[in-house]
Amino acid sequence: MKIINSIQEMQAWAEEQRKQGKSLGFVPTMGYLHEGHLSLVRKSVQENNLTVVSIFVNPLQFAPHEDLEKYPRDFQRDEKLCRQEKVDVIFYPSEQEMYQDNLTAVAVEKITRVLCGQSRPTHFKGVTTVCLKLFNIVKPHQTYFGLKDFQQYVVIKKMVRDLNLDLEIVPCPIVREADGLALSSRNEYLSPAERKQAVILFKSLNKAKELFDQGETEAKKIKQEMRNLIAGQPLAKIDYVSIVNPSSLKEVEKVSCGDVALVAAFLGKVRLIDNLVLE
Ligand code: AMP
């Protein structure tokens, strides 16, 4: 397994592999890898000749008051996990290497202003900018994204389509703890009491699905039930509870099959997100 820090070297390696007719799979991450990330890596290794994992905590997608400084990092552990999974290259650039004197950004409009974009107005611009840069550096044929960050997946897919990027975005299912909590690097910050109550996000989504399965289609009613459930956990504070159309991300009034229920909530200071397709 190679570890590449330089953009130029990464591009040269990718170019060479493409010339040789190899298919390149890519998994962009911020490191501190867990089973959620590894599920993407395994899919990429299975579906491509070569797999590149990037590890880069992207400052552009954090607002000044957010957790950039204390975001968990452990490169040695990540390296070991990638080796075990038969990753071919870890792309591990410094902030200086990635941004230097960068003055350019790319933004997807509209669908980045709702849901997480409301409480994190600069977040998705940071995500799309870093992803476009990474796509141009790693030159993948297929790039793997977790549906845990559902809005991110939709936004990236839209950018790829709107800018006619020559690569495929592959969605991957959410990996969960035994009790249902979606795996996240940020779960690390939870106190034992917060961790216990964090499962309420998943429970509220299951409630939505249960109601929909029983024939309830009034989004307002379903969302109220979800809110009531979360309100029963004193350490949880709702950021949003939504049911949206999966491509426009517009809030629906009548729920139909394939719409997505999403929830974001703070457990203490930790903001967690989760979602479930209603089908
Ligand atoms: P991050 O390191 O948080 O930027 O995540 C890197 C990639 O891993 C993104 O595509 C995430 O959606 C995906 N991911 C994170 N957690 C999970 C999970 N629990 N299940 C599936 N994918 C995940």
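**View 1. Salt bridge between Glu 15 and Lys 139.** The side chains of these two residues meet with N and O atoms at 3.3 Å, where a salt bridge is a side-chain nitrogen of Lys or Arg within 4 Å of a carboxyl oxygen of Asp or Glu. Glu 15 belongs to helix 1 (residues 7-19), while Lys 139 sits in the loop between helix 6 (123-138) and strand 5 (142-146), so that distant parts of the chain, 124 residues apart, are linked; helices (H or I, at least four residues) and strands (E, at least two) are DSSP runs, numbered from the N terminus.

**View 2. Salt bridge between Lys 223 and Glu 251.** The closest N and O atoms of this pair are 2.9 Å apart. Lys 223 lies in helix 10 (residues 219-231) and Glu 251 in the loop between strand 7 (236-244) and strand 8 (260-267), so the pair ties together parts that are 28 residues apart in sequence. Lys 223 is buried at 12% relative accessibility, whereas Glu 251 is partly exposed at 41%; buried means under 20% relative accessible area, exposed over 50%, and partly exposed in between (1.4 Å probe, protein chains only).

**View 3. Network of Glu 35, Arg 42 and Glu 85.** Salt bridges link these three residues in a network, and a search of the whole structure finds 17 salt bridges.

**Notes.** Residues are numbered from 1 along each chain as its sequence is written. In this predicted model, local features need pLDDT of at least 70 and side-chain atom pairs count only at pLDDT 80 or more, while totals for chains, interfaces and linings use all residues, and side-chain values use heavy atoms, leaving out hydrogens and water.
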